[in-house]
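Thanks for passing this one along. Here are a few notes to read alongside the coordinates.

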Amino acid sequence: MSSKRIVLSSDHAALALRARIAEHVQSLGWEVEDIGPTTNESTHYPIHGAAAAARVASGDCQFGIILCGTGQGIMMAANKVKGIRCGVCSDPFSARMIRQHNDANMLSIGARVVGEDLALDIVNAFLSAEFEGGRHQTRVEMIE
């Protein structure tokens with residue numbers, strides 16, 4: 001598994017925010033695999049959520065960040081992939097907690113829900129947190 005590699009994807013509703021997050025994550029020292037889409041033509045979020053999740057589940061990327069209008073639909077698609085634990089977050093506290101307590105390996109953000117500054121704070125919280133293990137490990141195993 002690449003320890004500093006992250007996949008980003010979205011649907012058409014989140015192109016600008018995804019691009020800004022990609023820049024930010026690269027500035028933090030991460031290698032970013034942005035798998036699109038590249039135009040604002042209407043597209044289907046389940047395709048993009050599953051594609052990003054496959055890269056995380058395979059070990060090609062340590063984490064994934066996915067976006068759609070609300071973050072909900074693309075998160076649901078990602079969570080269908082075995083080994084993925086993805087949560088939608090609209091605040092940094094939740095982003096930190098899904099890493100610390102749920103060992104989340106993907107983060108979903110709603111581009112029509114949060115603004116750019118808040119989205120970057122959410123990303124920072126997610127990437128800087130570490131899984132605590134212990135009693136949380138048992139619960140993660142139960143999810144799996």
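This is a predicted model: local features need pLDDT of at least 70, side-chain atom pairs count only at pLDDT 80 or more; totals for chains, interfaces and linings use all residues.

1. Let's start with strand β5, which spans residues 106-110. Five of its five residues are buried, so the strand is mostly covered. Met106, Ser108 and Gly110 point one way, while Leu107 and Ile109 point the other, and all of them are buried.

2. Which strands pair with β5? On one hand there is β3 (residues 63-68), which runs parallel to β5 and is joined to it by five bridges. On the other there is β4 (residues 86-88), also parallel, with three bridges to β5. Helix α4 (residues 92-100) takes part too: together with β4 and β5 it makes a right-handed β-α-β unit.

3. Leucine 67 of β3 is the bridge partner of serine 10. Like β5, β3 is mostly covered, with six of its six residues buried. Phe63, Ile65 and Leu67 lie on one side of β3 and Gly64, Ile66 and Cys68 on the other, and all are buried.

4. Now to leucine 107, in strand β5. Its relative accessibility is 0%, which is why it counts as buried. Isoleucine 65 stands opposite leucine 107, and Ile65 is also among its contacts beyond four places in sequence. For a sense of distance, the C-alpha atom of leucine 107 is separated by 18 Å from that of histidine 136, 29 residues apart along the chain.

5. Is serine 108, the next residue I looked at, buried or exposed? Serine 108 counts as buried because its relative accessibility is 0%. In the β5 pairing, valine 88 stands opposite serine 108, and isoleucine 66 has serine 108 as its bridge partner.

6. Do look at the side chain of serine 108 as well. One of its polar atoms lies 2.5 Å from the backbone oxygen of glycine 71.

Technical notes: Residues are numbered from 1 along each chain as its sequence is written. Side-chain values use heavy atoms; hydrogens and water are left out. Helices (H or I, at least four residues) and strands (E, at least two) are DSSP runs, numbered from the N terminus. Buried means under 20% relative accessible area, exposed over 50%, partly exposed in between (1.4 Å probe, protein chains only). Contact means heavy atoms within 4.5 Å. A polar contact is a pair of N or O atoms within 3.5 Å; within protein, one must be able to donate a hydrogen and the other to accept it, and residues adjacent in sequence count only if both atoms are side-chain atoms. Two strands pair if DSSP finds at least two bridges between them. A crossover is right-handed if, with the strands pointing away from the viewer, the path from the first strand over the helix to the second runs clockwise.
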